[in-house]
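Here is a short report on one protein model. Look at the sequence and the fold first, then read on.

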Amino acid sequence: MVDWVFYVTSAVLGLVIGSYLNVVIVRGPANWGLVDASPQTPSGPRSVCPACGARIAPQDLIPIVSFLALKARCRNCGARISARYPVIEALCAAAFAFNAALYGPSVEWALASVFASVLIALAAIDIETTYLPDALTLPLLIGGIAVNTVDLFAPWPEALLGAALGYAAFEAIRRGYFVLRGREGLGQGDSKLIAAIGSWVGASALPMVVFAASIATIIVIAARGRLSETSAEIPFGPGLCAAGAAALWLSALSVSVL
Ligand SMILES: [Zn+2]
């Protein structure tokens with residue numbers, strides 16, 4: 001009984017955090033100077049419709065529920081609301097509830113939920129802008145090294161090694177590719193992201209993270225029929241984010257990932 005109360009509370013908290021992540025995803029890239037602030041990018045403290053600028057009423061800001069009640073349209077102007085909003089909220093709620101089931105009410109539950117939240121925001125920002133902002137990857141890296149000083153998710157030396165090896169390996173591949181092909185294959189943000197993930201899950205989990213991320217990315221590319229368009233930029237970040245979250249969960253389930 002107590003378990004269910006905790007699961008549901010976690011899911012509701014995940015919805016609220018997911019709703020906040022949507023704000024970060026919409027405003028972050030412009031605030032961090034990665035993309036130009038479009039006239040549609042809201043800057044004030046209040047949530048407004050990106051199409052008509054009308055303030056969104058409190059009853060229309062309830063995660064998922066409002067999206068469904070409004071049938072994905074702005075109450076004021078009728079413009080379509082991106083499905084990204086409820087998808088991010090649902091993903092975040094699912095991650096929080098899954099962490100609740102996996103870790104129980106604990107420090108691990110809270111920190112694993114922070115890890116998942118930042119990964120969700122990074123994946124969405126990479127899909128929309130092709131950037132993985134330092135404003136998220138660097139705190140994630142420092143956070144991973146900090147939480148593992150007490151061997152919370154991985155032994156501390158392994159966490160340090162994961163960050164260093166992940167970064168070094170990706171930088172070597174990125175620079176090598178650039179020398180050979182004369183264009184960017186991986187972004188520098190990918191190197192910082194794999195370092196951050198390595199600091200949370202440890203070095204020994206990284207080969208499987210990169211392998212799983214590659215498979216997931218190839219499946220997405222194939223599903224979109226874009227294998228032929230080699231010049232099209234396919235973000236690798238979302239695959240890394242998904243595989244990174246999975247690696248943390250697998251280690252908690254005591255499943256060997258090697
Ligand atoms: Zn509107």
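## Confidence

Helices (H or I, at least four residues) and strands (E, at least two) are DSSP runs, numbered from the N terminus. The protein chain has a mean pLDDT of 89, and 91% of its residues reach 70 or more.

This is a predicted model: local features need pLDDT of at least 70, side-chain atom pairs count only at pLDDT 80 or more, and totals for chains, interfaces and linings use all residues. Residues are numbered from 1 along each chain as its sequence is written, and side-chain values use heavy atoms, with hydrogens and water left out.

## Domains

Domain 1 covers 1-105 and domain 2 covers 132-258. These bounds come from an automatic or database domain assignment. The domain centres, taken over C-alpha atoms, are 26 Å apart. Their contact (heavy atoms within 4.5 Å) takes 7 residues from domain 1 and 8 residues from domain 2.

## Helices α4 and α5

Helix α4 (residues 107-129) packs with helix α5 (residues 134-147) at an angle of about 160°, their axes 11 Å apart. Axes are lines fitted to C-alpha atoms, for helices over the stretch in contact, and angles run from 0 to 180 degrees between N-to-C directions. The two helices are therefore roughly antiparallel (angles over 145 degrees).

From α4, the contact uses Leu111, Phe115, Val118, Leu119, Ala121, Leu122 and Ile125. From α5 come Leu136, Thr137, Leu140 and Val147.

Note on methods:
Angles under 35 degrees count as roughly parallel, over 145 as roughly antiparallel, 65 to 115 as roughly perpendicular and the rest as oblique. pLDDT is the predictor's confidence in each residue, from 0 to 100.
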